[in-house]
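Thanks for making time for this.

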Amino acid sequence: MRVLGIETSCDETSAAIVEGDGTGAATIRSLAILSQEVHAIFGGVVPELASREHLRGLVPVVDATLGRAGMEFADVDAIAVTAGPGLVGALLVGVSYAKALAARLARPLIGVHHMEGHLFATMLESADAVPPFTALLVSGGHTLLVDVPAWGTYRTLGATRDDAAGEAFDKAAKLLGLPYPGGPAIERLATTVAPDAAVRFPRPMLHGGQRRGDDDWYDVSFSGLKTAVRLAAADAAAHGRLEAARGAIARGFQDAVVETLAAKVARAVRDHGRPRVVIGGGVAGNRALLEAIRASVGPGVVVHAPSARLATDNAAMIAAAGLWRLARGERSGPELVAFAGGPLPGAG
Ligand code: KG4
Ligand code: ZN
């Protein structure tokens with residue numbers, strides 16, 4: 001079965017053709033991603049502009065995907081589209097287009113939860129990144145620790161209490177005068193600073209007194225860390241040395257985020273006895289995070305991370321999740337609606 005995937009939940013307009021039998025494994029035939037650059041000067045995504053850019057970009061992006069796969073619409077067996085969570089105006093562009101296309105081609109349609117898509121992304125490159133696994137999803141909008149005994153069953157163990165991990169990177173970068181998106185900028189700067197030169201920030205929601213069963217055992221929180229970065233940056237600026245201190249602050253911030261996330265992943269792996277870890281979302285492209293998780297879970301547990309292309313938002317992961325659901329006979333009708341927020345399906 002060949003599925004056309006469509007993703008318009010945030011600031012990437014993407015379409016892909018993914019092929020498989022729906023048992024889990026799947027191959028990318030083509031993938032096109034148009035990253036909206038219009039938001040950079042605003043230091044964050046502007047929802048109205050995102051919708052407008054999707055309207056402009058979606059048809060050419062779908063055409064490019066079909067062209068790269070050497071296919072026509074008639075070769076598409078089904079359509080999968082991100083229905084949420086995300087920016088509703090942006091999602092509506094993809095959902096409306098997908099519904100119209102499915103009706104026109106008389107092909108089945110499936111609405112996909114964006115975060116389920118991130119769970120499937122890594123499997124497209126690493127055939128072993130399949131359940132059972134512990135998942136850490138870290139993006140601009142979400143931070144979720146999930147136990148995945150099987151595809152379709154997603155037990156959320158922990159989440160952020162405030163800012164998402166990517167959002168924290170973006171805000172810290174802004175405080176340091178670095179460009180948007182902040183994650184890659186902070187990572188680049190942090191690699192130029194030796195570990196012992198980093199500013200030491202508190203590790204949020206990580207303290208010795210915690211026990212399994214405590215409600216902060218798996219959760220994270222980044223807003224206090226953001227305040228600590230703000231204070232450190234203001235202090236350095238007041239002494240006229242922000243320029244010199246920027247690297248040490250960036251490194252200290254990244255160390256605190258990465259160490260906290262890695263410790264929480266290790267707890268989940270241990271508590272649920274999973275043999276592997278799958279990470280996903282834009283922040284999963286961070287090398288320091290991957291290395292910290294590998295170190296914290298130890299050599300007996302395999303950690304799979306997607307490449308940068310599949311870590312950030314893309315339609316191949318949406319097509320892969322859709323393919324699995326379509327093969328089980330699931331369908332969305334013309335009543336499919338875009339939704340801003342909501343838990344992963346299959347909490348069972
Ligand atoms: O998954 P994604 O592309 O979009 C959402 O669904 O939100 O994630 C984007 C987020 C941004 O906040 C960006 O700063 C962050 O991922 N990010 C990174 C890195 N690359 C992207 N954060 C840390 N290190 C990176 N290398
Ligand atoms: Zn995402």
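Let me start with the open sheet of five strands, whose order is β8-β7-β6-β9-β10 and whose pairing is mixed; strands here are DSSP runs of E of at least two residues, helices are runs of H or I of at least four, both numbered from the N terminus, and two strands pair if DSSP finds at least two bridges between them. This is a predicted model, in which local features need pLDDT of at least 70 and side-chain atom pairs count only at pLDDT 80 or more, while totals for chains, interfaces and linings use all residues. Residues are numbered from 1 along each chain as its sequence is written, chains are lettered from A and ligands numbered from 1 in the order in which they are written, and side-chain values use heavy atoms, with hydrogens and water left out.

The edges of the sheet are β8 (153–159) and β10 (302–304), each of which pairs on one side only. At the β8 end, strand β7 (residues 143–150) runs antiparallel to β8 over five bridges, and Leu145 has Gly158 of β8 as its bridge partner.

Five aromatic pairs are found in the structure, where rings of Phe, Tyr and Trp (its six-membered ring) pair if their centres lie within 6.5 Å, with planes under 30 degrees apart counted as stacked, over 60 as edge-to-face and the rest as tilted. In one of them, the ring centres of Phe120 and Trp151 are 3.8 Å apart and the planes stand at 15 degrees, so this pair is stacked. Because Phe120 belongs to helix α3 and Trp151 to the loop between β7 and β8, the pair ties together parts that are 31 residues apart in sequence.

Some backbone details in the loops deserve a look. The peptide bond from Gly84 to Pro85 is cis, with omega near -10 degrees, and Pro85 sits in the loop between β4 (78–84) and α2 (88–105). Another cis bond runs from Pro131 to Pro132, with omega near 0 degrees, and Pro132 is in the loop between α3 and β6 (133–138). Ala106, in the loop between α2 and β5 (109–113), has a positive phi, near 55 degrees, although this residue is not glycine.

On a 1 Å grid over the protein atoms alone, a cavity is a set of points where a 1.4 Å probe fits but cannot get out, a pocket is an open set with protein on both sides within 12 Å along at least five of seven lines, and lining residues have an atom within 4 Å of a point. Points are joined across faces, edges and corners, and a volume is the space filled by probe spheres set on them.

The largest pocket has a volume of about 1,200 Å³ and is lined by 43 residues, with Asp11, Gly140, Asp170, Tyr180 and Pro181 nearest its centre. Which element gives the most to this lining? That is α4, with six residues.

The structure also holds one cavity of 30 Å³ or more, and the largest cavity contains about 50 Å³ of space. The elements that give two or more residues to the cavity lining are β7, β8 and α7 (242–272).
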